[in-house]
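Here are my notes on the model, as numbered points. Please read them alongside the sequence and the coordinates.

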Amino acid sequence: MTTSTLPRKLFQLPFSRAFLLWMGFLAVLLVIGFYAAIQVLLKGLVITNLSDAVPWGLWITIDLSAIALGAGAFTLSAIVYIFGIKRLQPVIRLAVLIGFAGYTSAMVTLLMDIGRPDRFWHPWVFWNVHSVLWEVTMCITIYLLILITEFAPVIVDAKFFDGWTRLRAFGHALHKFTPFLAVLGLVISLLHQSSLGATYGVIKSRPIWFKPSMPIMFVLSAIAAGPAVTVGVAYVLEWILGRRTIPHDVLRIITRFSGVGLLAYGYIKFWDMAAVTYYGSTPGVSKAFSLLQQHTPYTFSFWVGEVILGILVPAILFLVPRFNKNPAAAVVGALSAMIGIIVHRWNVTVGGLFVPLSYSPGTVFELPIGSYTPAPIEWGVAVLVIGYALTVITLAVRFLPLFEKREH
Amino acid sequence: MTTQKKKAKKKAVVELTRGDVLKIAAAAAGSIIAAPLLTTGPLSPFGQLKQGQLEGENYAGHGAQLGQHHWGMVVNLDQCIGCEYCMRACTATNDVNAEEPWNIVIPEKTSAGHTFFLSRPCLHCQNAPCVEVCPVKATYHREDGLVVMDYDRCIGCRYCQIACPYDARRFNWEDRSDEENPYVPAWGTPEVERRPRGVVEKCTFCIHRIDAGLEKGLKPGVDREATPACVNICPVGARVFGDLNDPDSRVSQLIASNPTFRLRDELGTNASVYYIPPREGL
């Protein structure tokens, strides 16, 4: 009996003014977002700034980023349940929650991005096993189911389900499958986190995409940055709630892991760059990069966004002991790594499409270099997705026992 | 105290019973047996596919398996005058968005600086990148070499557009049901339905004419009724259509008697459209 009342007291977060204000802010985001989404559904993608030359843009960037930033769930689950580092257990619930928010956000974005949202279920029925995108769709669906199963015990522990003993017992029974789910989740996640990169890497006709390092860089950056996001959120929640959520030594281990992961990602990125642009450069690739350098802020965003903010700054903040102990540094590092991921996904998607296709055998004709700036309506849908993710996290923190110590 | 701790640790780490070992061994043995069954054996979802590919004479990666016909085109760059009739007839016949034509004609220059015109339908690759990437098989190879779209299945993800090396695919960004087609009726009348909003579309080699023509016993590429609109309208005969599998067809003979090339052949797309270069070379 004591176990069911004590934690709740600990966790009471009243509907304070600040909380209501925050909910009001989220409501504004959602209203703006829903308006934009309905406009897109009614009028079609013509009201976006996407075109036949640049058919993927902001939404695909959000989709890729949300999945990468949700990677903390599978990485930390694997660390705890497969590699047996049980010390990190207290972070799992939060990591799974963020994963859930990330993956569902990605699905909402995808639903808006496809021309026929009414046919969203087609990949599940009409299989094309040769398509990377089909594999990604299947994996993301399966992984979302895994996340829901992993999170079910937390949901049934909510106060709301106090009377539902059978449901609660079922939810807790699901928890017994956690190690199995962690293995399945690891396999499925390694698959789709990489194949999101392969989506670009297998396209032979696009010079800056076609390389085998694409999936590796996607999966490595996700494994590195995902857990960092979880840590950042944990510290921020601690400031908001005014109490310890997850032991700091646990968070510090995770930031260190993240730092090492980022360095590994940086190493692959360095060699990728060296191989593609220096040692093994081909005319097509050189031309593509010089076009991007001339017409877009690609060089700046690559060095500042992807390398400095995405790798160096967080790696230093996560690994240097003085900063590693500092929650503020961890939050800044997590934000920085997040920006790095988003800029990388944008640069890959939009940068790759900016480089025009060349198929004419003559000497003159060239398709114009692509141009794309997201339309206000696209930002509106982005606001919807961000508002949605924040709402999910807020409600879960408010109503679910995320940080309780429970014996399992 | 310390020894106790050590003992406790040891106990927690190693706890393999004989039963566990047997279980692991059984699982390993099971996997070894299951692996070939699932990958190449009768239980494999891929088994049938591989078999089919190995049997196909024109094996091209995951590409098309050809039947009796292989529809293809020869475009003679030496003859093309850049009048854009093909583009207009195509846009009228297939009721295409005039601003985003399927068929394009572009002025080009040879390395010597002389102008020629490159026109480009869908190349109907036998190893088509668009077919490989489509997550729902909305675009697929037909046995006669055509790469076609199932507009009822397409989800509008636009991955095919991104994968096509030739910029041959067009997305329906908006509902076009009220839009006027400036090329109708001067250049032809629509013979197919307009595609709905939100799907990707492309040149079909006027598949409706080929299929209807064959049923009537006509020969596509010879009988005008069964031949693509762009080929029929060309005032200089720069476009020739026919069966690449038939050595007596005009396309086969042109390919046999002329130097030809295909666009970006190095990508291995195995296109069904051949180009005869300008006489002076490219």
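1. Which residues point one way from strand 9 (residues 273-276) of chain B, and which the other way? B:Val273 and B:Tyr275 point one way, B:Tyr274 and B:Ile276 the other, and all are buried. Buried here requires 20 or more other C-beta atoms within 10 Å of a residue's own; 12 or fewer makes a residue exposed, anything in between partly exposed, and the C-beta atoms are placed from the backbone. Strands are DSSP runs of E with at least two residues, helices are runs of H or I with at least four, and both are numbered from the N terminus.

2. This is a predicted model, in which local features need pLDDT of at least 70 and side-chain atom pairs count only at pLDDT 80 or more, while totals for chains, interfaces and linings use all residues. Residues are numbered from 1 along each chain as its sequence is written, and chains are lettered from A and ligands numbered from 1 in the order in which they are written.

3. Strand 9 of chain B pairs with strand 1 (residues 71-76) of chain B in the parallel sense, over four bridges; pairing requires at least two DSSP bridges between the strands. Within strand 9 of chain B, B:Tyr274 is the bridge partner of B:Val74.

4. Chain A has 16 helices and zero strands. The radius of gyration of chain A, taken over C-alpha atoms, is 22 Å, close to the 22 Å given by the globule rule for 408 residues, so chain A is as compact as a globular protein of that length. The rule is 2.2 Å times the number of residues to the power 0.38. Of the 408 residues in chain A, 47% are buried.

5. Helix 3 (residues 58-69) of chain A spans 16 Å from first to last C-alpha over its twelve residues, close to the expected 16 Å, which is 1.5 Å times one less than the number of residues. Twelve of its twelve residues are buried, so helix 3 of chain A is largely enclosed by the rest of the structure. Among them are A:Trp59, A:Asp63 and A:Ser65. The buried residues of this helix pack against helices 5 (92-113), 9 (178-201), 10 (213-241), 15 (327-354) and 16 (376-399) of chain A.

6. The contact between the chains takes 34 residues from chain A and 42 residues from chain B, where contact means C-beta atoms, placed from the backbone, within 7 Å. Helix 7 of chain A gives the largest share of the chain A side, four residues.

How values were computed. Two residues are in contact if their C-beta atoms, placed from the backbone, lie within 7 Å.
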